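Subject: Structure for your files

Hello,

Here is the structure I said I would pass on, with notes on what turned up in it. Please read them with the model open.

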Amino acid sequence: MTKKIKNILDIYPEYEANIGIEVHTQLKTKSKIFCSCPNQFGSQPNKNICPTCAGYPGVLPNLNRRVVDSAITLGLATKSQIARVSEFARKHYMYPDLPKNFQITQDEKPICTEGYILIELNDATEKQIRLVRIHIEEDAGKNLHIGDNESYVDLNRAGTPLLEIVSHPDMTNAYEAKTYLMNLRAIVQYLDISDANMEEGSFRADVNVSVKKKGAEELGTKVEVKNINSFKFISQAINYEIERQIHLVEENTPVTQETRTWDEKYHKTVFMRTKEEAFDYRYFSEPDLPIIVTDDEWVDRLRKTLPELPHQKYHRFQHDYELSPYEANILVNHPNLSAFFEATTNLCKYPKQVCNWILRNLLAYLNEHKLELHECKIRPETLSELIIEIEKEIITSKTAQEIFLEMAHTGKYPSIIVQEQSLKQISSKEELEPIIAEIIENNSQQVEAYKQGNERLFTFFIGQTMKVTKGKGNPKVIKELLEKYLR
Ligand SMILES: [Zn+2]
């Protein structure tokens with residue numbers, strides 16, 4: 001029911017929602033956070049482990065400096081305060097994938113606080129989503145369940161460095177939440193500190209949702225929704241949860257603070273467990289790691305490495321290339337795509353056309369063939385040449401569609417494809433005139449009807465000419481000739 005609705009609150013105007021998001025993003029450092037094991041995805045189970053990340057008693061963690069660098073970099077990119085002194089803590093819980101029975105994380109003294117992320121709203125205004133904190137922690141291993149009675153523990157992931165980014169409940173609907181997540185993902189990708197791939201689990205979002213009557217001061221009871229592992233489902237999960245809670249409130253049933261999970265198959269959130277309180281975890285300072293002390297020199301050195309960030313690029317693309325906010329947004333959300341766009345535009349100087357080809361053809365092609373940009377054979381060199389050939393009227397835009405597919409399959413330059421398949425546009429009147437004369441002769445009925453005033457038949461004649469020329473006829477010249485012949 002809620003599937004096609006963009007904002008469920010449009011149906012319940014007397015309610016409002018508050019959404020806060022916790023994101024865990026895996027850092028792509030070479031080694032793990034507290035040992036020198038490779039930080040690698042997809043290895044054979046329990047291949048990348050040592051006594052430290054497998055939690056043997058008596059071992060000591062050794063902090064990977066790159067992890068702290070990444071945290072500070074993300075803090076700078078989100079305008080956070082970088083703590084002068086920050087420290088690690090132990091968070092206790094028992095689970096087979098956590099052999100030490102505690103996770104090393106940060107509690108009272110996180111590395112970054114009070115940052116924010118800007119999101120673009122539909123009315124082209126911008127909204128600040130405040131961050132409570134960004135902190136460093138280690139990931140746990142993974143339990144694998146096979147069939148009903150076989151379970152395994154794979155500790156390869158144990159000790160993978162994570163940044164946890166916690167927002168205030170500043171988002172008020174599914175659209176804002178999704179935009180926030182896309183912007184945050186783009187930032188970590190631009191900083192090149194994480195692959196931030198939701199499907200592979202390197203970017204995981206837990207969404208806290210609460211509802212209240214419009215204007216009420218106190219926030220409603222929040223429910224956490226875990227395991228939304230695709231951007232496709234975020235809006236659905238949030239809309240579902242908002243509506244579920246509104247129904248409870250309407251029935252005077254109290255909303256209970258709990259953790260729910262998103263069921264992809266049935267498109268609903270289902271109960272997982274009651275929510276633990278912080279004191280359940282018995283946090284205390286980690287005695288085996290030194291405190292982290294930052295200074296201006298360290299922070300400034302990292303500040304100098306900051307690349308152009310998505311939000312800056314979003315504005316620059318609109319300003320420099322006259323793209324619409326919508327177009328700029330799509331390109332900017334994917335660092336590879338925006339780099340591809342700029343490289344192609346630099347080669348052919350037709351930014352609007354490049355943007356159209358990327359948004360309409362390239363993305364559709366990648367989607368259809370389930371490819372990533374780097375797996376596709378279209379390159380800035382070939383796409384820019386294609387656009388130049390259209391602009392110079394060497395090929396028709398119809399032929400260009402076919403050439404594009406051939407480029408995508410073979411990686412060939414359009415000029416080569418045009419030559420091989422003689423796809424050059426036919427612009428010469430000498431060549432087109434006899435073709436048109438024949439079409440006029442063979443369709444006397446339509447010619448008569450056209451002359452009687454059925455002007456829509458003009459497209460019929462264009463279509464016939466295109467058919468004979470196999471789409472290669474220059475539309476401008478054809479139109480000119482037809483006008484002459486049908487006068
Ligand atoms: Zn290890």
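Predicted model: local features only at pLDDT ≥ 70, side-chain atom pairs only at ≥ 80, totals over all residues.

In helix H14, the buried residues are Phe461, Gln464 and Thr465. Seen down the axis of H14, its buried residues fall within an arc of 95 degrees, so they line one face of the helix. An α-helix has 3.6 residues a turn, so residues three or four places apart point the same way. The other side of H14 has Thr459, Gly463 and Lys467, which are exposed. Among what covers the buried residues of H14 are helix H12 (429-442) and helix H15 (475-485).

Just after H14, Lys470 has a positive phi of about 55 degrees.

On the overall layout, the protein chain is divided into domain 1 (8-302), domain 2 (310-420) and domain 3 (429-485). Between the C-alpha centres of domain 1 and domain 3 the distance is 63 Å.

The other residue I looked at is Tyr180, in helix H2 (residues 174-191). Is Tyr180 buried or exposed? Tyr180 counts as buried because 24 other C-beta atoms lie within 10 Å, and the cut-off for buried is 20 or more. Leaving aside neighbours within four places in sequence, the contacts of Tyr180 are Ile21, Ile117, Ile119, Ile129, Ser167 and Met171. Of these, Ile119 is 61 residues from Tyr180 along the chain, and their C-alpha atoms are separated by 6.0 Å.

Regards

How values were computed: Residues numbered from 1 in each chain as written. Buried ≥ 20, exposed ≤ 12 C-beta atoms within 10 Å, placed from the backbone. Helix = DSSP H or I, 4+ residues; strand = E, 2+ residues; numbered from the N terminus. Arc of directions from axis to C-beta. Contact = placed C-beta atoms within 7 Å. Domains from an automatic or database assignment.
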